[in-house]
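I open this notebook to record what I looked up in one model, entry by entry.

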Amino acid sequence: MALWDRFKESASNMQNQLNAKKNDLKSGAFRDASMAMCALVSAADGTIDPAERQRVAALIGTNEVLQNFPALDLQRRFEDYLGKLTADFAFGKVAILQEIAKVQKKPTEARAVIQIGIVIGGADGDFDKDEKAVVREACYAVGLNPQEFDL
């Protein structure tokens, strides 16, 4: 099986796992950490491409797990996190990783946030090294081993 096919299958399995836990993923901390993760992956290379911003926003709106929350609320939070990264990428990244770390004590939520990052990162067909690196950093922020996610 080609590498890309294995990744697509893995991302699909992660999305199915997220959907199965949808009822456990309703906290404000999960909502905030998920939007922080989406912003971080969107800007993983240090820039925020308008096309990628739009693609991620569309994915947020159609993700079954994230439908636990009002779409406009998610959009506002996503844009706020992107704003932090735009203003000062290094400082914004630290603040965003701190936001993600707030789910550390809830393993189901922590894993789900990492899985969302992987699903978002690979949605364009290329889970690149910058995206993998920020998701790996997020794993450390929530106390999970990146190897668990093949990072």
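The entries below go from the whole chain to single residues.

**Ground rules.** I am reading a predicted model, in which local features need pLDDT of at least 70 and side-chain atom pairs count only at pLDDT 80 or more, while totals for chains, interfaces and linings use all residues. Residues are numbered from 1 along each chain as its sequence is written, and side-chain values use heavy atoms, with hydrogens and water left out.

**Whole chain.** I looked up the secondary structure and found 7 helices and 0 strands, with helices (H or I, at least four residues) and strands (E, at least two) taken as DSSP runs numbered from the N terminus. Along the sequence the pattern reads α-α-α-α-α-α-α. Of the 151 residues, 46% count as buried; here buried is under 20% relative accessible area, exposed is over 50%, and partly exposed lies in between, with a 1.4 Å probe and protein chains only. For contacts (heavy atoms within 4.5 Å), I noted that residues 24 or more positions apart account for 78% of those with a separation of 6 or more.

**Nonpolar core.** I then turned to the core, defined as a set of buried Ala, Val, Leu, Ile, Met, Phe, Trp, Tyr and Cys residues joined through side-chain atoms within 4.5 Å. The largest one holds 43 residues, of which Phe30, Ile100, Ile114 and Val135 touch the most other members. Two or more residues each are given to this core by α2, α3, α4, α5, α6 and α7, and the largest share, 9 residues, comes from α2. In general, nonpolar side chains tend to be buried together in soluble globular proteins.

Because Phe30 lies in helix α2 (residues 28–42) and Phe69 in the loop between α3 (50–62) and α4, the pair ties together parts that are 39 residues apart in sequence. Phe30 is buried at 0% relative accessibility, and Phe69 is buried as well, at 10%. Leaving aside neighbours within four places in sequence, the contacts of Phe30 include Leu25, Val65, Leu66, Val103 and Ile116.

**Ser27.** Ser27 sits in the loop between α1 (3–20) and α2 and counts as buried at 18% relative accessibility. Residues up to four places away aside, Ser27 touches Phe69, Lys106 and Glu109.

**Helix α4 and its surroundings.** Helix α4 has 17 residues and reaches 24 Å from its first C-alpha to its last, close to the 24 Å expected at 1.5 Å a residue, the expected span being 1.5 Å times one less than the number of residues. Its buried residues are Asp73, Leu74, Arg77, Phe78, Tyr81, Leu82 and Leu85, and what covers them includes α2, α3 and α5. From the α2 side I looked up Asp32, which is buried at 13% relative accessibility and, beyond neighbours within four places, is in contact with Arg77, Tyr81 and Glu99.

At what angle do the axes of α4 and α5 cross? The axes of α4 (residues 71–87) and α5 (residues 89–101) come within 5 Å and cross at roughly 145°, with axes fitted as lines to C-alpha atoms over the stretch in contact and angles running from 0 to 180 degrees between N-to-C directions. Tyr81, Lys84, Leu85 and Ala87 of α4 meet Phe89, Gly92, Lys93, Ile96 and Glu99 of α5. These divide into 5 nonpolar, 1 polar and 3 charged, where Ala, Val, Leu, Ile, Met, Phe, Trp, Tyr, Cys and Pro count as nonpolar, Asp, Glu, Lys and Arg as charged, and the others, Gly among them, as polar.

**Asp150.** Last, I looked up Asp150 in the segment after α7 (129–141); Asp150 has a positive phi of about 55° although it is not a glycine, and it is exposed at 72% relative accessible area.
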